[in-house]
Amino acid sequence: MKPIVDYEVAATADPTPIKLLTPGPDFQKYHTSWLEDKWFPFMGFVLGAGSVWYTYTMNRRPFYSGIHVKLGAGIVGATALYYYKQYRTSYLADKDAMYRHYIQLHPEDFQAPERKKVGELFKEWVPVR
């Protein structure tokens with residue numbers, strides 16, 4: 001049976017901060033899904049239409065009254081969260097690029113940590129009886 005973790009690869013992994021901030025070649029394969037680009041607009045539609053539906057329910061208006069208002073609020077909410085997702089993605093990409101650039105300019109502040117085994121991290125333990 002093959003182990004889940006390849007220990008040779010894990011032992012040779014580069015823990016430097018610049019390597020941790022740079023996405024690898026498999027990033028898109030493991031960090032995206034078919035739902036990722038649809039989730040924010042869907043939730044915007046649900047929140048927009050749901051808020052109008054809740055207001056109408058609290059005011060004791062019929063369910064089908066103002067259906068055009070509910071659809072309009074849903075479309076506005078979906079559009080707003082679609083553009084929010086684009087803004088958030090570009091903002092986080094800029095922030096990561098800024099961090100990478102700073103680390104490249106000041107590598108002496110970001111030395112690779114010394115690798116230790118788990119047994120070296122714990123103090124010697126003597127049971128008290």
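1. Start with the loop between α4 (36-58) and α5, which is where Arg60 sits. Helices here are DSSP runs of H or I with at least four residues, strands are E runs of at least two, and both are numbered from the N terminus. Arg60 has a positive phi of about 55° although it is not a glycine. Most residues other than glycine have a negative phi. Is Arg60 buried or exposed? Arg60 counts as exposed, at 79% relative accessibility; the cut-offs are under 20% relative accessible area for buried, over 50% for exposed and partly exposed in between, with a 1.4 Å probe and protein chains only.

2. Bear in mind that this is a predicted model: local features need pLDDT of at least 70, side-chain atom pairs count only at pLDDT 80 or more, and totals for chains, interfaces and linings use all residues. Residues are numbered from 1 along each chain as its sequence is written, and side-chain values use heavy atoms, with hydrogens and water left out.

3. On the overall fold, the chain has 6 helices and 0 strands. Of its 129 residues, 12% count as buried. Contact means heavy atoms within 4.5 Å; among contacts between residues at least 6 apart in sequence, 72% join residues at least 24 apart.

4. Now the α4 and α5 pair. Their axes come within 7 Å and cross at roughly 145° (axes are lines fitted to C-alpha atoms, for helices over the stretch in contact, and angles run from 0 to 180 degrees between N-to-C directions). The residues of this contact divide into 16 nonpolar, 4 polar and 3 charged. For the classes, Ala, Val, Leu, Ile, Met, Phe, Trp, Tyr, Cys and Pro count as nonpolar, Asp, Glu, Lys and Arg as charged, and the others, Gly among them, as polar.

5. Have a look at Lys85, found in helix α5. Lys85 is buried, with a relative accessible area of 18%. Leaving aside residues up to four places away in sequence, Lys85 touches Glu36 and Phe40.

6. Which helix gives the largest share of the lining? That is α5, with 7 residues. By class, the lining has 5 nonpolar, 4 polar and 5 charged residues.
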